[in-house]
Amino acid sequence: MRNKRNATIALVLGTLACLVSGWLLLRGATSLETFPLNTLNPQGRKADIIYSLVVPVFAIAGLVFILVEVGVLWMAARFRRNHDDVEGVGEPVQVHGNTGLEIGWTIVPAVILAVVAVFNANAILQMDDTNADAIDVTVVGQQWWWEYRYDIDSDGTVDIITATQMVIPAGRDVKLAIQSRDVIHSFWIPALNGKMDAVPGRTHPLVIEAADPGIYEGQCTEFCGLSHGVMRMQVKALEPAAYDEWVQRMTTAPEQPTDEKALAGQEVFVQQCTSCHQINGLEPGAEAPYLYADLPNPNYGEDVGSTLLSQNAPNLTHLMMRDTFAGNLLDLYQGDSAVAVETTVGSAEAVPSGEPDTNNLKKWLRNPEDIKPMDPENNQGMPNLGLSEEQIDQLVAFLVTLK
Amino acid sequence: MTIVHQRSPLELPSGEPLTPPKPLGVFSRPKATSGWKSWFTTVDHKKIGIMYGVASMLFFLVGGFEALLIRLQLAVPGNDLLSADLYNQVFTMHGLTMIFLVVMPLQSAFANYLLPLQIGARDVAFPRMNALSLWVWLLGAIFFNTSWLFGGGANGGWFAYAPNSGVAFTPGHGMDFYAVGLLIMGIGSTVSAINLTVTVFNMRTPGMSMMRMPVFTWMAFITQVLLVFALPVITVALFLLMFDRLFDASFFDVSKGGDPFLWEHLFWIFGHPEVYIMILPSFGIVSEVIPVFSRKPIFGYPFMVGSGIAIGFMGWGVWAHHMFASGMGPISVLAFSLATMFIAVPTGVKILNWMATMYGGRLRFTTAMLFSIALVAMFTIGGLSGVTHAVAPADTQQTDTYYIIAHFHYVLFGGALLGLFSGMYFWYPKMFGHFLNERLGKWHFWLMIIGFNATFGPMHMLGLQGMMRRTYTYTDGQGFNVWNLVATIGAFTLAVSILIFMYNVAHSYRKHKANPVDPGPDPWDARSLEWMIPSPTPEYNFAELVVVEEFDEFWHRKYGHDEEGRLVRIAKTEDVVQKPGATGIHLPSPSYWPLVLAVGLPLVGYGLIFNLWWAVPGALITIMGIFGWVMEPADDPDGGHEHHEDESPSDDPEAAAELTDGAESGEASDEETVAADAEQTEEAPVG
Amino acid sequence: MADVAEIAHEEIEDVEFPDDSHATSTGISNPKLAMWVYLASDALLFGGLISTYLIYKNRPGEIPGLSGSPVRISELFDIPFTSMTTFILLMSSLTMVMSVTSAMRNDQVRMRLWLGTTALLGALFLGGQIYEFTVFVSEGLGYTSNVSSSAFYTLTGFHGVHVAVGILMLVAMLGMSLRQRIHAEAVEVIGLYWHFVDIVWVVIFTIVYLIP
């Protein structure tokens, strides 16, 4: 009798505990503000496909979870040996098995899984579909940042090379061609789609789409060495008109700096930075006046003999058109937060507004390894150039003109 | 008495006795079977099993320490306790330690100790090879950990994806130790797997057909078969990596045409069966413990065995589900996704059969039983989260996040380790002749369950909220703060529970020393053959070989059932179990050579990594070990290794046999009387 | 050991055993079964190495812009020569069979003779392989030249090591037979290994050398 009472208590408490843990699990489902990388708040049609599969699968799994856990708890209470049990009296019936039952609990889960499998197969085959107005972006992973290459007019030449923050038009499919220049990385914007590995020597397709304008946080998810943990990126989705404006700005050379300090900074840049970083038109050994080009050189790193293992560093021509830099670790513009982690849905601007956060830029230039662990001795990442404070001032004054 | 002689590899088992040549002078065999020195030369499967267990528990402390470092680093956002580089080493070494130095050898410990007992054998098929596999593994494991002294541990992840694991991207010796260390340990595992496979095939006691073997024997056997086929695949991969790193080959150098996918496929073709290698023995342990403490037979024995075999087979067809995000194309993803979903079916069958075994039983909540029930409950969670990412599109969101970490810790900790702890409490009296304290055991259990769920439960949330794996830090704004702190507190709770376990071992030993209480052969009223013999297991295992007539033979000698199917005792346990003190059973002699052979391998390993010339002494030692092994008499012809309890050892085997005969008629009961075959004491030839 | 024949046990007198149950449960001796299991494992080792070669064999020519030698190792093959060494290795399987037969007939002298011949043929094959390697290296394709050469040398090198180990076992057995009588099964077990190594070579020869 006592066992039966305990069993009922176990049943109730067990169910409650399961429900509470389920609630804890799904509590954050709606919040992209609290959890910028949330996988349970899809913001585009590809992520929707996944989410519409995740919900029923989690529901089925949750049901089985409750049945098994509560079942185990109930049995533990119900069939517990009591202190007054005597050997030989009321011993358990020796059941060796039941073929019907066995076949039943083989077939029933198999059938459930078969049903799920149909939806699963359907979803897998839908993942690569694109609409006719899709645009193409080449995504290149390297230690430890992402590069994006746009061929706007589809003429086979690269028109825009940018880094860290990818800009796409909202409401349109974006066909990504994901590549790597060194080791395996994985491109992941949870709000827009699942992951896709960037494997050297291969090109992998991934389609993303953002229903609304906004900034969507991302993260490299394949272990890629030292700074894998902070290899972050963003996708900025813009209204079609804003996207056109962005393209317009990105394919036009920035204005030449005019004040003394910035010009001196330009000089420092050409001497110190161009052996890895490209600003369209500037090259190592060039002489003033430094003229910008509209189009980037897609093979810049190889051409200047960059010693980096990936032979490539971020193109900084339109640095200030981005909201963040240093692999999405630092904000370029002064804002609410010191760090660049955010997912905001609803609005985004083609040209960032506000005051440049020169402190962040200076912090980075003083010693990049403080911000992001790198191994320049093994040609992985940016070395500390040992710039003087004056040079840093000048460089920053120059960099903020790159818009 | 039954005479057991060890066959040399060159002798026909059914052949007529051969004339033994004189052993070659210096190569006489060690004789001691007790004292600390005997542990280095023993070929006794029980001692080997215990050494596997003790060593892997020590490595468990190492791996656990690494886990605590990980949790401390991630306790708060932006922590700088560990540098990114050190963190990468620590998480890589944590994974490798827990897999290759803890869970796999722990299952080896149980398999070594129990397989011969459960099939009624006196030893494994090749006792010296058994010792070899222990020493090769142990020295390989130590070798692998010495990488900390040579510039840092492996830092490319346990999966060591190329090309990041190559010398260009990961200079330093960590990944060299990874490749060479795992190769050495792989030799040990292969030898062990072949040995135990043959043991189960060939060494079963009369009447012990395959379908009468205990479920643990079955699961451990399937594990060995999986090892036999999975290890060569990782061996190939590790050789390619080693040649790349140490000899400038270009298997994974993309600029020379190498393909990183080759590594991924080879690794996971091994890596997925590896998961079942780690979990199946625990399934076996639970299938032993639950029936004993439910006083009911295992429900659906043929289905338990069949589902184990099914898991073993299907485990080969699902490896690429680790690669859903690797870009292998939708058709491959589809095929592997569907295959993966259906591997849940045989696993589900097991869960339901355990529950059906408990249903209607009379459950005794010993610590062993608690751990087993916890396995059923916790593994279910790991299994279900597994189903959620068998669905490939969902997996592309979940893979490489903390959701996966939660999943495989529920499988490998909530599954494998809880099962292994259950086995420790269950078989401890059989192995050491005294119980582990049950009160402390329950403290251990509850703290471990609470700590375990507090550590890994929140990781489900973290993963779904987007926290990626293998990250040395996170930022305040990412929303990961709360659950990471909870997980860290949980990890320390786990650590306390392990301390309690260790205290329990020491405490129980001290109490036993002060006041020895014989647990008797059958302390739990159990079912399989190992409970018929005294505790701790005598050196010869079975004084007489048991003839098996049905599944759960021992149980059925104790119990029948009435017309309602209820349990009825038909014989007293004391009348069924074997008496201690058998004499004259001839056991395989200890040997130096397994240890000698194994010592050479790590030296060769250092040579490969640092300077090939340094490999020469190692190779010489190994060759000497092989030579000594082959030349060693299969048994020491001077005798002296018979298990003598009552009579003084005799130098003349014939006389010893006669003595044995005489002794038996005096003290052994009729049932135990076994004719000694004097002829058989003649030694097998040099092998 | 399951030497149950020696057990005089009342209970088991009426239990029926298969005839060979006094040896092992399956009737196959432990060493022989262990060899079978080992060979099954080894088959997967070669499976992995052959797959590696197949994936990599054409890459130097197919993928433009690779660093390293553009020559595929298969362009250097001398099929008639390798056919000859393959034939020699196949013949060694035959002599191995003769050796096992002699051992079974208890003809130790012939057994030694055939063992020696087998080892000699194996050594000839190995010599041929070493000669082949030196030719390839002298033509410019060393171990690290490109992926096809790395994969080729690794695969055939592993096979060569297997042959060398086999020769060592044959010679060791030959040596021991001078000191004591060798049981037929020991020869048979080594024969299993030897035939396996031969079969693997036939597969390698077909897949690597003959199929373009």
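Where in chain C is the place of C:Arg181? C:Arg181 sits in the loop between helix H5 (147-177) and helix H6 (184-210) of chain C. Here helices (H or I, at least four residues) and strands (E, at least two) are DSSP runs, numbered from the N terminus. This is a predicted model, in which local features need pLDDT of at least 70 and side-chain atom pairs count only at pLDDT 80 or more, while totals for chains, interfaces and linings use all residues. Residues are numbered from 1 along each chain as its sequence is written, and chains are lettered from A and ligands numbered from 1 in the order in which they are written.

C:Arg181 counts as partly exposed, because 16 other C-beta atoms lie within 10 Å. On this scale a residue is buried if 20 or more other C-beta atoms lie within 10 Å of its own, exposed if 12 or fewer, and partly exposed in between, with C-beta atoms placed from the backbone. Between C:Arg181 and C:Leu168 there are 13 residues in sequence and 19 Å in space, going from C-alpha to C-alpha.

Now step back to chain C as a whole. Chain C holds six helices and zero strands, so its elements, read from the N terminus on, are α-α-α-α-α-α. Of its 212 residues, 43% are buried. Two residues are in contact if their C-beta atoms, placed from the backbone, lie within 7 Å. Of the contacts in chain C with a separation of 6 or more, 72% come from residues 24 or more positions apart.

Chain B is next. In chain B there are 20 helices and two strands, and 66% of its 687 residues are buried. Of the contacts in chain B between residues at least 6 apart in sequence, 81% join residues at least 24 apart. Just after H10(B) comes B:Gly360, with a positive phi of about 75 degrees.

How do the chains meet? Of the two pairs of chains in contact, chains A and B share the most contacts. In this pair, 86 residues of chain B are in contact with 85 residues of chain A. The side of chain B that touches chain A is made of 44 nonpolar, 30 polar and 12 charged residues. For these classes, Ala, Val, Leu, Ile, Met, Phe, Trp, Tyr, Cys and Pro count as nonpolar, Asp, Glu, Lys and Arg as charged, and the others, Gly among them, as polar. Chain A and chain C, on the other hand, are joined by no contact, and their closest C-alpha atoms lie 10 Å apart.

Chain A itself is divided into domain 1 (2-82 + 96-126), domain 2 (135-239) and domain 3 (260-399), with bounds that come from an automatic or database domain assignment. The C-alpha centres of domain 2 and domain 3 of chain A lie 19 Å apart, and 33 residues of domain 2 are in contact with 32 residues of domain 3. On the domain 2 side, the elements that give two or more residues are E2, E3, strand E9 (214-219) and strand E10 (232-238) of chain A. The largest share, six residues, comes from E10(A). By class, this side of domain 2 has 15 nonpolar, 10 polar and eight charged residues.

Strands E2 and E3 also belong to an open sheet of five strands in chain A, with the order E3-E2-E1-E5-E8 and mixed pairing. Two strands pair if DSSP finds at least two bridges between them. Strand E3 (160-163) and strand E8 (204-208) of chain A each have a single partner strand, so one side of each is left without a neighbour in the sheet. Strand E2 (residues 145-150) of chain A runs antiparallel to E3(A), and four bridges join them. Across this pair, A:Tyr148 stands opposite A:Thr162 in E3(A).

Finally, E10(A) has a parallel partner in E4(A), with five bridges between them. One of the pairs is A:Val167 with A:Lys236 in E10(A). Because five of the five residues of strand E4 (residues 165-169) of chain A are buried, E4(A) is largely enclosed by the rest of the structure. In a regular strand the side chains alternate between the two faces of the sheet. In E4(A), A:Gln165, A:Val167 and A:Pro169 point one way and A:Met166 and A:Ile168 the other way.
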